Amino acid sequence: MTKTAFITGSTSGFGWACAEIFAENGWNLVLSGRREERLRQFCEKYSDVKIHRVVCDVSKRREVEAMVSGLPDSHNEIDLLLNNAGLALGMNPAQDADLDDWETMVDTNIKGLMYVTRALLPTMVSRGCGHIVNMGSIAGSWPYPGGNTYGATKAFVAQFSNNLRADLHGTGVRVSNVEPGLAESEFSVVRFHGDKEKADAVYDGTEPLTPQDIAEIVYWLTQRPPHVNINRVEVMPVCQSWAPFAIHRKKE
Ligand code: NDP
Ligand code: 8X3
């Protein structure tokens, strides 16, 4: 029986790479994002794959409800929901941050993930199977200067994932949280509001994770036997580790 993956934020980065790996492994796909042209390009590239594509802003509750209620019969039994759509905006300290950026991150990374999950869960539970993979981040566990609201949204993703597991006890539905570190995608260009030079500097002299690295992990999670639930995967590139605690010292 052919399986179906529903991937939010599939127009670039991790979402695109995940869509590719599932397409290459014979899955049907539901792909969504706000950029219609990118969705069209993916469908052209994988013209032999059964893809249902939907332009949807996950932060808009009505759009999400319409996306899920509008799934065609061929694509309404979801085996994998990959809650990947998300973003960071800005890296200023909290006292200088733009409140609009904070709201957008909360609306997308928290509310969007909640809307899609809530809309798809009843069918998964009634079928007694399915897998929700949430895209968290190391920023949800490890604070860093400028991480403020972004990190806090990913901490929500981590605890929401755990609590979903508690609620889904006995239903057969699996939940995993993938928490990547430094990875090169459009993430930093978005974070710095289109400033490519600033974005490139993030990866300068590093060998970051690639979207393909993350896609392989997500695919691997789905291939565990049905009685196995990987709760959480934290992954960093070798070039990344922790800094010492920052200690402010008084000047004499
Ligand atoms: P990209 O910017 O390359 O991709 C982000 C995706 O999210 C795009 O497809 C974008 O689609 C989609 N998206 C953003 N906002 C919305 C919205 N309101 N509605 C629908 N789709 C939306 O970044 P990544 O691939 O790196 O990021 C994917 C996820 O991984 C995010 O949740 C991010 O927080 C997380 N992450 C990234 C890391 C990194 O270092 N790159 C590390 C750890 C986690 P569109 O613009 O077409 O709507
Ligand atoms: C993205 C990783 O460390 O840039 O989630 O916040 S980080």
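Colleague: What covers the buried residues of α8?

Modeller: In this predicted model, the cover over the buried residues of α8 includes α1 (13-24), β4, β5 (131-135), β6 (174-180) and β7 (232-235).

Colleague: And which residues of α8 are buried?

Modeller: They are P211, I214, A215, I217, V218, Y219, L221 and T222.

Colleague: How does the end-to-end distance of α8 agree with its number of residues?

Modeller: Helix α8 runs over residues 211-222, which makes 12 residues. At 1.5 Å a residue the helix should span 16 Å, and its end C-alpha atoms are 17 Å apart, so the two values agree.

Colleague: Let us turn to ligand 1. Which residues come nearest to ligand 1?

Modeller: There are 27 residues around ligand 1, and T11, F14, R34, Y150 and S185 come nearest.

Colleague: How much of ligand 1 does the protein bury?

Modeller: Ligand 1 taken alone exposes 880 Å², and the protein buries 96% of that area.

Colleague: Which elements give two or more residues to the shell around ligand 1?

Modeller: Those elements are α1 and α5 (148-167).

Colleague: How do the residues of that shell divide into nonpolar, polar and charged?

Modeller: The shell around ligand 1 holds nine nonpolar, 13 polar and five charged residues.

Colleague: Now ligand 2. Which residues surround ligand 2?

Modeller: Its surroundings are S137, I138, A139, Y144, Y150, F187 and R191. Y150 is also among the residues that come nearest to ligand 1.

Colleague: What does Y150 do at ligand 2, in terms of distance?

Modeller: A polar side-chain atom of Y150 lies 2.6 Å from an oxygen atom of ligand 2.

Colleague: How much of ligand 2 does the protein bury?

Modeller: Ligand 2 exposes 240 Å² when taken alone, of which the protein buries 82%. Its shell divides into five nonpolar residues, one polar and one charged.

Colleague: You listed I138 there. Is I138 buried or exposed?

Modeller: I138 has a relative accessible area of 13%, and therefore counts as buried. Its place is in the loop between β5 and α5.

Colleague: With which residues is I138 in contact, leaving aside its neighbours within four places in sequence?

Modeller: I138 is in contact with E179, P180, G181, E234, V235, M236 and Q240. For a further reference point, I138 and V238 are 100 residues apart in sequence, and their C-alpha atoms are 14 Å apart in space.

Colleague: Changing topic to N84: where is N84 found?

Modeller: N84 is in the loop between β4 (80-83) and α4 (99-127). The residue is buried, because its relative accessible area is 10%.

Colleague: Which polar atom of G9 lies 2.9 Å from the side chain of N84?

Modeller: The backbone oxygen of G9 lies at that distance from a polar atom of the N84 side chain. Apart from neighbours within four places in sequence, N84 is in contact with T8, G9, F14, G15 and M135.

Colleague: One last region, around α7. What caps the N-terminal end of α7?

Modeller: D195 does, with a side-chain oxygen 3.2 Å from the backbone nitrogen of E197. E197 lies in helix α7 and is exposed, because its relative accessible area is 70%.

Colleague: Which residue has a phi near 50 degrees?

Modeller: That is H193, where the value is positive although the residue is not glycine. Most residues other than glycine have a negative phi. H193 lies in the loop between α6 (187-191) and α7 (196-203), and counts as exposed at 52% relative accessibility.

How values were computed
Residues numbered from 1 in each chain as written. Chains lettered and ligands numbered in written order. Predicted model: local features only at pLDDT ≥ 70, side-chain atom pairs only at ≥ 80, totals over all residues. Heavy atoms only, no water. Helix = DSSP H or I, 4+ residues; strand = E, 2+ residues; numbered from the N terminus. Buried < 20%, exposed > 50% of the residue type's maximum accessible area, 1.4 Å probe, protein only. Polar contact = N/O pair within 3.5 Å; in protein donor to acceptor, adjacent residues only side chain to side chain. Contact = heavy atoms within 4.5 Å. Expected span 1.5 Å × (residues − 1). Near = heavy atom within 4 Å. Areas by Shrake-Rupley, 256 points an atom, 1.4 Å probe, with all protein chains shown as cover. Nonpolar A, V, L, I, M, F, W, Y, C, P; charged D, E, K, R; others polar.
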